[in-house]
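Okay, thanks everyone, I'll keep this short. Let me put the structure up, and then we'll walk through a couple of spots in it.

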Amino acid sequence: DDHDHHDGNDDHELRVSKIRDGTVIDHVRGGQALNVLAILGIDGTNGEEVSVGMNVPSNRFARKDIVKVEGRELSQDEVDVLSLIAPDATINIVRDYDVVEKHRVERPDVVEGVLSCPNAGCITTGDEPVTSRFSVLEDGVRCSYCETIVRDEIASLIDT
Ligand code: CTP
Ligand code: ZN
């Protein structure tokens, strides 16, 4: 069976094999693939079948990263956080080798319960259970409780 009919003219540049069932996170900003894995909670110790391409040539950007996760589809929360570090990413759902769904990530206005505030004095990091809440800025996120702004290290705030 020939499953290659879905690829454009970039076949000769395919670096990582196609997957059978799962999710391809494509057009990730070059250098962000490991942060994508962190957001998905993937470190390889649970036997996850994952392929990663880093800084591979791309038409849309000079370089892109790509992450292929076998046997898993992503939750909306995960996609929301991905959008913060990979604003131009495409999420491709693959079933039986075919891309059955493709959508661009969208930056939400707010992310709740997925990032933890780096401010030790913030009410969300205390003993009382307060769900974290960040508003999404053009170039980072801001804690809705203590106003702390994080720009470059968003991936390090991910609750695991
Ligand atoms: N892919 C894969 N395994 C499959 C099918 C697709 O790993 N069984 C990957 C392709 O290599 C590509 C991405 O999923 O990186 C999207 O596939 P497709 O839509 O066929 O490619 P394009 O048309 O090039 O995607 P786009 O227009 O989003 O760049
Ligand atoms: Zn805070």
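Let's start in the loop between β4 and β5, which is where you'll find Tyr-97. Keep in mind that this is a predicted model. Phi of Tyr-97 comes out near 75 degrees, so to speak on the positive side, and this is a residue other than glycine. For context, most residues other than glycine have a negative phi. Buried or exposed, or something in between, for Tyr-97? Partly exposed, because it has 15 C-beta neighbours inside 10 Å.

Asp-96 sits in that loop too, between β4 (90-95) and β5 (98-104). Its phi is also positive, near 45 degrees.

Okay, zooming out. As for how they touch, 8 residues of domain 1 are in contact with 6 residues of domain 2. On the domain 1 side, the elements giving two or more residues are α1 (33-39) and α2 (76-85). Which one gives the most? That's α2, with 5 residues. By type, that side of domain 1 has 5 nonpolar residues, 1 polar and 2 charged.

Conventions: Residues are numbered from 1 along each chain as its sequence is written. Chains are lettered from A and ligands numbered from 1 in the order in which they are written. This is a predicted model: local features need pLDDT of at least 70, side-chain atom pairs count only at pLDDT 80 or more; totals for chains, interfaces and linings use all residues. Two residues are in contact if their C-beta atoms, placed from the backbone, lie within 7 Å. Helices (H or I, at least four residues) and strands (E, at least two) are DSSP runs, numbered from the N terminus. Ala, Val, Leu, Ile, Met, Phe, Trp, Tyr, Cys and Pro count as nonpolar, Asp, Glu, Lys and Arg as charged, and the others, Gly among them, as polar. A residue is buried if 20 or more other C-beta atoms lie within 10 Å of its own, exposed if 12 or fewer, and partly exposed in between; C-beta atoms are placed from the backbone.
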